[in-house]
Amino acid sequence: MEQSPPKNSSVTIIGGGLAGSEAAFQLAERGIKVNLFEMRPLTNTEAHSTAFLAELLCSNSLKSMDITNSNGLLKKELELGNSLLIKIAYETKVPSGNALSVDRDLFSQKITEIIETHPYIRVIREEVSEIPDTDSPVIIASGPLTSQKLAKKLEELTGSQLYFFDAISPIIDADSIDYSKCFFKSRYGKGEDDYLNCPMNREEYEIFYEALIKSERVKFKDFEKMAVYEKCIPIEELADRGIKTLLFGPMRPVGLEHPISGEKYKAVIQLRKENIEGTAYNIVGFQTKMTIESQKKVFRLIPGLENAEFLRFGSVHRNTYINSPKLLEKNYKMINKNIYFAGQISGVEGYVESIASGFTASLDIFYRYFEKKDLSYPPDTALYSLQNYVSTCQDKSFNPSNFHFGMLSPIDGIRDKKLKKEKMANRALEKIANFFEKLS
Ligand SMILES: Cc1cc2nc3c(=O)[nH]c(=O)nc-3n(C[C@H](O)[C@H](O)[C@H](O)COP(=O)(O)OP(=O)(O)OC[C@H]3O[C@@H](n4cnc5c(N)ncnc54)[C@H](O)[C@@H]3O)c2cc1C
């Protein structure tokens, strides 16, 4: 059960990655002592290659700096909140147009130096294999490649199986769909008209199929291959099995005749609403390992999606995460416990989102336990929406997500998409700036 931490107690953080490093710094800067456990270099993960804290696993890009891009907005909010990692990213920036790309070694090296020399932080290079038994708050930020021993303990703690694989379908901005080519209907007319269906005739299907089997793909890493479950098979790999396979799988046309004309189709692709407002749709069953460029090219062949704008691209990768909607309350805190989950393990997706969750968890700990204050971000900000997604997502099977504009309530009456996003981004920034000002 949740208890008050003893006075002058320190916070324990497991994992010195992106989320853990940000969280440690935010707490330490507020005068809270932190014990930060990092198992590398003594015990390594399958993908990290240095002993640095906050190592970037793959790309060296923290994506767009434009606030009308979801990643750009989230970064700007973090910048307004004085995030260490975003500050260091700007200090170690390398030229890459409008994206915030960094010199990866310099980035991690600088963060490691700051964390290791901070008077309030003790870095302990040790694998944690038990959940600390302490009244003080704990942040579990052990990442997508959490060590097996800890994963086992987390299953005991959460009373449920962890997810070890992540199959993500692309999400499309609802404003970019051509509705004249699709229709709303549930299969066999069962239930409400929950799905938006994009039908294909034989010729359209054959063109789509050809593009799919010839698509450019991101290779599975060796350690990922073993873990691909049948239900997570990427759409293009299903296509590789034969021209008919998709027609018995995610492109099954049965029960999806046109609701008015009764026309039958060769194939139907179903889109499902991502939120109540219907501002975003995901393509059902279309997890993929195609490159981003291939995803754009191939998925824009789907009738109705010719001008699709992607709020999130599809992917399939090794990822350890908990069933957050069942386990967490707001700000990544476990219900009835002094334990927080931050980073990929909490069900956020991506570098900047991992930083954001570590940032939020640490602020919540500081205000809740040490200042006895409630920390509630204003709605319609990126920081609010991300923590809200992981704790309240209603999907039957919870999938991690990056932050996207579909998580913000829309602004009605503006047709121009760019302008609409600009207004939504400015609304978010004004709200979060006021919030941080009042907080300090
Ligand atoms: C292979 C791979 C590539 C990725 N590439 C990208 C990308 O290009 N762009 C992007 O936006 N996102 C990417 N991601 C997703 C995600 O953004 C990163 O994984 C990000 O580093 C997650 O941050 P984190 O803080 O949750 O975990 P991490 O940064 O991985 O930090 C977790 C830390 O915990 C440590 N640890 C684990 N178990 C223990 C233990 N028992 N005791 C002590 N320490 C422990 C680990 O050594 C690690 O340092 C990738 C993920 C994977 C798996």
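Predicted model: local features only at pLDDT ≥ 70, side-chain atom pairs only at ≥ 80, totals over all residues.

Me: How is the chain divided into domains?
Reply: Into domain 1 (11-162 + 322-439) and domain 2 (171-316), with bounds from an automatic or database domain assignment.

Me: And how many residues does each put into the contact?
Reply: Domain 1 gives 11 residues and domain 2 gives 10 residues; contact means C-beta atoms, placed from the backbone, within 7 Å. The domain centres, taken over C-alpha atoms, are 31 Å apart.

Me: Switching to the ligand: which residues come nearest?
Reply: Gly15, Gly17, Cys58, Gly143 and Gly343, out of 35 residues around the ligand. Being near takes a C-beta atom, placed from the backbone, within 6 Å.

Me: Which element gives the most to that shell?
Reply: α1, with 3 residues. Helices (H or I, at least four residues) and strands (E, at least two) are DSSP runs, numbered from the N terminus.

Me: Last one: why does Phe164 count as partly exposed?
Reply: Because Phe164 has 14 C-beta neighbours inside 10 Å; 20 or more would be buried and 12 or fewer exposed, with partly exposed in between, using C-beta atoms placed from the backbone. Phe164 is in strand β8 (residues 163-168).

Methods
Residues numbered from 1 in each chain as written. Contact = placed C-beta atoms within 7 Å.
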